[in-house]
Amino acid sequence: TGTVTQAPYYEFFPRPPQPRPLSETLETLDQLLTETVRDHLVSDVPLGLFLSGGLDSATIAHYARAAGKTLDSYTIYFGDASFSERREAAETAKRLDLHHHEEEMRPSTEVLARLGEVLDEPLADPSVLPTYYLCRLARRGVTVTLSGDGGDELFAGYPTYLADRYAAWFRRLPAAAQRWAVQLANAAPTSFKRIPWDYRLKAFVGAAARPQPDAHFGWLEAFQREEKERLFTPDFWASVQRHPPEQSFREAFEDGRHRPFLERLLYLDQRTRLLDQYLVKVDRLSMANSLEVRVPLLDNALVEFASTVPANHKIRGWTTKYLFRRLMKDRLPASVLTGKKKGFSPPLAQWLAGPLKTWAEDLLSPESLSRTGILRPEFPRALLAEHVARRRDNHRRLWVLLSFVQWHRAYA
């Protein structure tokens with residue numbers, strides 16, 4: 001007919017939560033995981049799995065073994081034990097009798113340059129680094145891997161969901177008490193360890209006073225408004241003010257307005273950072289290594305089931321992802337079931353003040369920043385100097401800037 005029609009191949013419309021006994025919910029989840037993982041194991045080429053020290057990938061590994069498969073598992077670890085999940089991954093591999101492979105990631109400017117090319121667009125997620133190494137390691141042995149992506153957004157695994165609960169209490173405090181909390185957080189000593197308490201405190205008080213979903217956005221925000229005025233050139237700053245950075249979060253939060261509060265936040269994350277950050281990251285970096293990555297936890301049946309699970313089966317007290325932890329009790333090592341969530345970020349704070357300092361200084365030189373036509377040199381340079389002197393941990397904001405400038409060099 002000479003016409004083109006554009007439409008999504010699948011649209012997710014969450015169903016209302018269905019109050020049901022925990023035992024029934026666990027039984028249904030067990031059945032769905034059994035069927036879904038079994039289906040994703042079908043392959044006519046070598047197949048393995050990514051294995052972190054977290055609950056999601058270990059759960060996938062358990063159900064793969066239950067289906068009769070003995071797979072190769074792959075783990076990237078870091079020299080700093082506070083960032084690494086090497087021990088937990090090895091315990092899972094031993095318990096499930098996997099053929100386990102691991103590799104330590106060390107900073108490489110060659111890989112960083114490669115990332116600027118393969119990502120196609122700026123992506124300031126620090127986990128792009130170990131994800132690239134992980135895909136490269138796995139491709140040496142297999143063509144397809146299974147990943148645990150999606151479990152946190154479906155079953156409430158992030159500590160930010162707890163922060164959202166406590167933010168509601170924080171907003172009830174008198175203004176003077178809120179100001180005192182901000183001053184206390186800013187006075188906290190700097191640590192370069194993995195998600196130290198001072199970072200958690202500063203991130204919390206920096207966003208908790210905002211209404212939702214702006215507070216939820218604030219947990220992830222690198223630069224606040226007054227910092228952006230110092231960061232951007234006047235013309236660019238004038239142009240972007242028409243587009244609030246929280247807009248996509250607000251739209252998703254509004255679309256879920258008939259859902260309970262936790263479900264609105266989960267739907268928001270499914271619509272934003274899962275879709276536009278985490279899945280994009282894995283897709284680009286796996287394809288750069290000619291590796292196919294499958295995500296069993298994002299099977300349609302599991303996604304739709306998760307939307308019907310009541311909030312008190314997802315978070316109970318201080319325990320996130322409660323349903324998964326109950327399901328996998330006695331099936332996985334205790335270190336996986338009860339360990340603190342570390343994520344998959346390398347020790348960038350240490351690297352930017354050490355082995356990657358010269359690389360960062362080159363990208364953030366006045367000449368390099370001026371060439372972007374967007375960034376003013378003074379503020380980024382001050383952030384880097386402060387970080388290198390270890391007066392403040394600025395690695396998250398620096399990584400945003402470095403990711404953009406690296407991409408700009410490759411494509412502008």
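My entries on the model follow.

**Ground rules.** I worked from a predicted model, where local features need pLDDT of at least 70, side-chain atom pairs count only at pLDDT 80 or more, and totals for chains, interfaces and linings use all residues. Residues are numbered from 1 along each chain as its sequence is written, and side-chain values use heavy atoms, with hydrogens and water left out.

**Overall.** I counted 22 helices and five strands in the protein; helices (H or I, at least four residues) and strands (E, at least two) are DSSP runs, numbered from the N terminus. The radius of gyration is 22 Å, close to the 22 Å that the globule rule gives for 412 residues, so the protein is as compact as a globular protein of that length. That radius is taken over C-alpha atoms, and the rule is 2.2 Å times the number of residues to the power 0.38. Along the principal axes, the C-alpha atoms fill a box of roughly 60 × 60 × 50 Å.

**The sheet.** In which order do the five strands form the open sheet? I read β3-β2-β1-β4-β5, with parallel pairing; two strands pair if DSSP finds at least two bridges between them. β3 (99-104) and β5 stand at the edges with a single partner strand each, so one side of each is left without a neighbour in the sheet. The twist averages 30 degrees from one strand to the next, with axes as lines fitted to C-alpha atoms (for helices over the stretch in contact) and angles from 0 to 180 degrees between N-to-C directions.

**Around β1.** Strand β1 (residues 47-50) is joined by three bridges to β4 (residues 144-146), where Leu49 faces Leu146. Three bridges also link β1 to β2 (residues 72-77), and there Phe50 is opposite Tyr74.

(On a 1 Å grid over the protein atoms alone, a pocket is an open set of points where a 1.4 Å probe fits, with protein on both sides within 12 Å along at least five of seven lines; lining residues have an atom within 4 Å of a point. Points are joined across faces, edges and corners, and the volume is the space filled by probe spheres set on them.) Its lining has 27 residues, with Tyr9, Tyr10, Phe12, Gln270 and Leu275 nearest the centre. Helix α14 gives the largest share, seven residues.
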